[in-house]
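Try each task before reading its solution.

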Amino acid sequence: NVVFLQKLRNDRNLEIKYLRNLIDSLNICLIALRNPCMGRLTSCLVKNLEKGKLVMRTESFSSRHVLQALPKLPVPNLKDTLDRYLSCMKHLLTEEQFNKTQNIVTQFGAPGGVGELLQSKLTDRSENMANWVYDYWLNDMYLNNRLALPVNSSPAMVFPQQNFKAPIDSLRFAAHLISGVLEYKTHLDDRNLPADYARGQLAGTRLCMEQYYRLFTSYRLPGPERDTLVAQESSVMPEPEHIIVACKNQFFVLDVMINFRQLNQRDLLTQLEKIVKMADNEEEQLPPIGLLTSDGRTEWAESRSVLMRESTNRDSLDMIERCLCLVCLDDASGPELSDTTRAMLMLHGGGLTKNGGNRWYDKPMQFIVGADGCCGVVCEHSAFEGIVLVQCTEYLLKCMIGSPSKLVRAASVSELPAPRRLRWKCTPEIHKLITSAADKLQRMVKNLDMNVHKFHDYGKEFIKKQKMSPDAYIQVALQLGFYRCHGRPVSTYESASLRRFQQGRVDNIRSATPEAFAFVKAMTEGKNSTSVEKMELLKGAITAQTSYTRLAITGMAIDNHLLGLRELAHEMKMGKLEMFKDEAYLISNQFILSTSQVPTTVEMFCCYGPVVPNGYGACYNPQSDHIIFSVSSFHNSQQTCSAEFVKCLVQGLRDIRDLCNKCNADCAATEERKGQTQEPKKEVRLLLANRP
């Protein structure tokens with residue numbers, strides 16, 4: 001294609017993009033040669049090349065085989081991890097604590113010692129598994145956690161406030177949303193999602209897509225000691241063809257395929273209208289069973305066992321656990337719908353008196369459509385990371401914004417069967433369990449201290465002009481804000497994606513670096529420090545943050561490595577080693593500041609709760625000219641206050657901006673003076689040169 005080749009010659013970026021996709025395609029071809037089952041590869045590949053497509057839909061083939069083309073997660077060097085661990089912890093400990101920890105770490109890493117033995121076993125494990133840390137990490141981060149899912153574990157995306165003028169408007173929105181979900185699910189089923197590539201540091205690296213295929217096919221099953229992430233990958237069980245709609249604490253089965261045809265938006269709206277009428281029938285209303293899923297995981301596992309005694313309950317549970325997702329049609333929650341209020345309603349539903357029972361927290365995707373325009377999605381986090389949630393929800397919102405609602409009466413299924421209400425047989429024991437769960441949820445509602453703040457002074461464009469990473473800059477600002485608020489540094493968590501590797505999830509960027517500590521001390525206590533000195537410390541803190549981020553995304557951070565060594569010691573029945581009983585190790589894993597960057601290209605924001613009772617959850621979304629912060633803590637902690645932390649954070653962001661502006665102005669003035677002094681010298685040289 002001469003025209004296409006001419007475009008490539010004239011556009012270097014286009015040429016690089018095409019070559020990258022061509023290399024991807026050749027890699028897939030090599031895999032196909034080893035895997036004859038991927039027979040439809042060749043024809044699809046040829047068609048794409050003939051059409052001159054730049055984006056090769058390599059994910060449309062077997063994701064399992066594509067996964068094998070990614071590198072395995074490496075095992076870091078033991079000495080490097082132990083050295084970094086000491087460096088990360090020194091300024092967070094007293095001198096006495098650090099000296100004790102240093103001796104323990106030295107003994108653990110001694111030649112021929114227990115550390116080297118565990119490192120050897122971990123290396124063996126990595127050779128025999130696709131990802132040596134995946135199971136350890138999943139259990140430690142999520143499945144072993146006994147806390148209730150709302151607030152403590154499940155994050156939420158808050159959509160733009162919708163302006164529903166009539167009750168039917170919210171149902172139209174829901175029908176449009178479900179239609180988008182079904183379209184996205186079709187892309188997943190056909191395996192034709194375009195591949196993700198890394199942005200930011202080490203941009204362009206191909207990423208693992210496995211998490212996307214758990215969005216609508218997984219379920220978190222409660223257990224007495226450990227939950228199970230159930231993935232519906234069996235070829236024996238039929239693909240789910242229904243959605244569960246929650247309305248007034250009742251659950252309804254909405255079949256999206258009838259007579260072998262997918263329902264269109266008009267059909268979906270018709271079915272939703274029927275559901276609302278059925279839910280309004282007070283004679284048919286059943287107890288709010290969904291409240292049980294908001295309980296602690298052990299308590300919910302016990303309650304589920306009680307429910308399972310009745311066949312009716314077993315059938316209802318099966319329908320919920322196998323559904324694509326939930327759509328929760330919420331009642332209006334009150335007159336005030338600030339960003340902060342909407343964030344809290346997404347996280348916990350407002351408790352029993354509002355929409356707290358209109359949920360089923362074990363499902364990965366729960367789309368919330370409030371009659372008052374309060375909309376969003378709550379996700380069960382064990383199945384996938386935030387970026388996957390963002391990509392899916394952005395697709396849905398862009399689809400809804402870009403295409404008008406298709407509510408024409410075309411090709412409608414005649415005589416649609418009514419949606420089915422899920423039935424429950426509730427004994428006095430179950431009623432008591434529901435009451436107990438409702439009380440706990442209500443306490444959680446009262447305890448959550450949420451503050452969503454839109455910082456409008458500047459955004460990531462200003463930060464980029466300083467030639468600094470926006471994420472690193474904001475992380476340093478969070479350290480400054482926390483230190484100004486509480487007068488001490490603490491263990492800080494920032495998630496770093498490991499999707500460059502097979503089955504990659506996340507590791508931790510330890511943002512409370514020694515360099516950040518030096519900078520925040522200079523900004524808060526260093527009255528004698530000059531602006532130049534403070535700027536050098538800021539640059540040092542940014543560099544340290546950026547360097548640790550690179551370590552984390554390339555699999556060289558310390559947290560997953562130490563977790564792997566700890567879990568192997570447990571498996572080998574070594575008992576609890578001194579290394580992992582040490583106070584420093586406990587402090588290192590008490591993430592009083594739990595942070596995450598969740599950027600979006602659509603007007604929405606993410607929020608979640610703290611991970612420790614005396615901590616903060618701090619999610620941020622940097623935009624070109626502003627930054628959205630969602631800060632959470634608990635009212636019953638005497639050590640935290642979300643409003644106070646946000647106030648200190650805002651002051652810190654302004655102080656860093658002022659420092660940058662002052663140093664830029666001083667630098668410009670210096671350059672100007674240099675230019676002025678050079679001009680007279682030039683004139684003198686010309687005069688001397690012209691003398692006889």
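The exercises that follow use a predicted model.

**Exercise 1. Characterise the largest cavity: its volume, its lining and the classes of its lining residues.**

Solution. 

1. Start with the count. The structure holds 5 cavities of 30 Å³ or more.
2. Take the largest cavity. Its space comes to about 50 Å³.
3. List the lining. It includes Asp330, Asp331, Ser333, Leu345, Met346 and Gly349. Asn355, Arg359, Ile368, Gly370, Asp372 and Cys374 also line this cavity.
4. α13 (339-348) and β9 (365-370) are the elements that give two or more residues to it.
5. Sort by class. The lining has 4 nonpolar, 4 polar and 4 charged residues.

**Exercise 2. Describe the largest nonpolar core and the contacts of Met365.**

Solution. 

1. The largest nonpolar core has 104 residues, and Leu215, Phe216, Leu272, Met365 and Phe367 touch the most other members.
2. Identify the main contributor. Helix α9 (residues 167-189) gives the most to this core, with 10 residues.
3. Check the domains. At least three core residues come from each of domain 1 (78-129 + 456-597 + 641-671) and domain 2 (162-226 + 246-404 + 416-449).
4. Zoom in on Met365. Leave out residues up to four places away in sequence.
5. Another core, of 48 residues, lies apart from the largest one, and its members include Leu291, Val306, Trp360 and Val378.
6. In soluble globular proteins, nonpolar side chains tend to be buried together.

Notes:
Residues are numbered from 1 along each chain as its sequence is written. This is a predicted model: local features need pLDDT of at least 70, side-chain atom pairs count only at pLDDT 80 or more; totals for chains, interfaces and linings use all residues. Side-chain values use heavy atoms; hydrogens and water are left out. On a 1 Å grid over the protein atoms alone, a cavity is a set of points where a 1.4 Å probe fits but cannot get out, and a pocket is an open set with protein on both sides within 12 Å along at least five of seven lines; lining residues have an atom within 4 Å of a point. Grid points are joined across faces, edges and corners, and a volume is the space filled by probe spheres set on the points. Helices (H or I, at least four residues) and strands (E, at least two) are DSSP runs, numbered from the N terminus. Ala, Val, Leu, Ile, Met, Phe, Trp, Tyr, Cys and Pro count as nonpolar, Asp, Glu, Lys and Arg as charged, and the others, Gly among them, as polar. A nonpolar core is a set of buried Ala, Val, Leu, Ile, Met, Phe, Trp, Tyr and Cys residues joined through side-chain atoms within 4.5 Å. Buried means under 20% relative accessible area, exposed over 50%, partly exposed in between (1.4 Å probe, protein chains only). Domain bounds come from an automatic or database domain assignment. Contact means heavy atoms within 4.5 Å.
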